[in-house]
Amino acid sequence: MSKEELLKKLEQLVIEGDVDNAPAAAEEALDSGVTPWECIQDGLSKGMETVGRLYEEHEYFLPEVLLSANAMYAALDIVLPQLKVRGGGESPGTVVIGVVEGDIHDIGKNIVKALLTGAGYNVIDKGRNVPAEEFLKGVKEEGAQVIAMSTLMTPTLESMREVEDKLKKEGLKGKTRTIIGGAATSQTFAGEIGSDDYGEDAQQAVDKVKALIADITAAVAAVGERVEK
Ligand code: B12
């Protein structure tokens, strides 16, 4: 089968919610040289986009969407561990990640987590439906430099604002950086709530977290210099 056919097969298995055959198709694609990221982005996620459209058009209902999500997860179980670990040695930083309070959509968050882990970051995963305090605990108790928040739903955008407000109130904004993502979010919304950045997909998440950590390291060093003087 050609690369295009293998990717099309993954896409189709997600649309059909075929939990039984998705893992074997993922293995077949990887064995044929399709990269893990291509499997995710050009196969599985495309299938999920179609599922979203079918749901909006009332052709699919929640049970079908759930089956598709399970098929996607079954394939991701094979694909995610194959994402290459870049670098190695000392961890480049600590990130606390979660889906904000009120939202349970966690497929995208888990892909972001896998890529960050693959890039060597120490990732503290708070799961889904995460209250603001839990994100803050990641900073206060576990030393995270970056908070990464995900949401796919419009009503739960407010939970992101709550995290930002709490960070400001507790004087933690200077010590940490935040990044948001997920279909309901945007660069504009990030600016509106005072988040430091927005990422469109998991690869952007890795690049932008790297920049945020460099930024915070420079800011901490500048404060240190001022104190010494
Ligand atoms: C699968 C799915 C479900 C599954 C979720 C399974 C799971 N474990 O996640 C189930 C069936 C459980 C579900 C339930 C519901 N769903 Co639903 N669901 C979807 C669907 C079809 C696909 C989402 C998905 O997984 N996409 C694939 C992943 C890979 O994409 P992604 O999450 O966007 O992630 C990528 C990027 O966004 C980015 N990213 C993600 N997070 C982050 C974080 C950071 C920091 C960064 C930088 C980047 C980043 O990187 C990822 C990978 O590259 C969407 C439709 C759609 N078009 O999105 C609806 C959708 C999100 N659901 C919706 C709704 C309304 C619901 C329900 C409320 C329905 C109901 N009446 O009960 C419930 C949710 C209950 C709750 N409280 O959360 C609506 C939300 C509408 C809105 N704007 O508010 C959508 C948009 C469907 C629609 N058009 O109406 N759903």
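**Briefing: ligand shell, domains and sheet**

The residues of the shell around the ligand divide into 22 nonpolar, ten polar and five charged; Ala, Val, Leu, Ile, Met, Phe, Trp, Tyr, Cys and Pro count as nonpolar, Asp, Glu, Lys and Arg as charged, and the others, Gly among them, as polar. The model is predicted: local features need pLDDT of at least 70, side-chain atom pairs count only at pLDDT 80 or more, and totals for chains, interfaces and linings use all residues. Residue numbers start from 1 along each chain as its sequence is written.

**Ligand shell**

- The ligand is surrounded by 37 residues, the closest being Gly52, Gly108, Ser150, Gly181 and Gly199; a residue is near a molecule or strand if its C-beta atom, placed from the backbone, lies within 6 Å of it.
- Two or more residues of the shell come from each of α3 (36–56), α4 (62–79), α5 (107–118), β3 (146–150), β4 (177–181) and α9 (202–228); helices (H or I, at least four residues) and strands (E, at least two) are DSSP runs, numbered from the N terminus.
- Helix α3 supplies the largest share of the shell, six residues.

**Domains**

- The protein chain comprises domain 1 (3–82) and domain 2 (94–228), with bounds from an automatic or database domain assignment.
- The centres of the two domains, taken over C-alpha atoms, are separated by 27 Å.
- Each of the two domains gives at least three residues to the shell around the ligand.

**Sheet**

- An open sheet of five strands has the order β2-β1-β3-β4-β5, with parallel pairing; two strands pair if DSSP finds at least two bridges between them.
- The edge strands β2 (122–125) and β5 (197–199) each pair on one side only.
- Neighbouring strands of this sheet are turned against each other by 25 degrees on average, direction ignored; axes are lines fitted to C-alpha atoms, for helices over the stretch in contact, and angles run from 0 to 180 degrees between N-to-C directions.
- Strand β1 (residues 94–99) runs parallel to β3 and is joined to it by five bridges; isoleucine 97 has alanine 148 in β3 as its bridge partner.
- Four bridges link β1 and β2 in the parallel sense, and valine 95 has valine 123 in β2 as its bridge partner.
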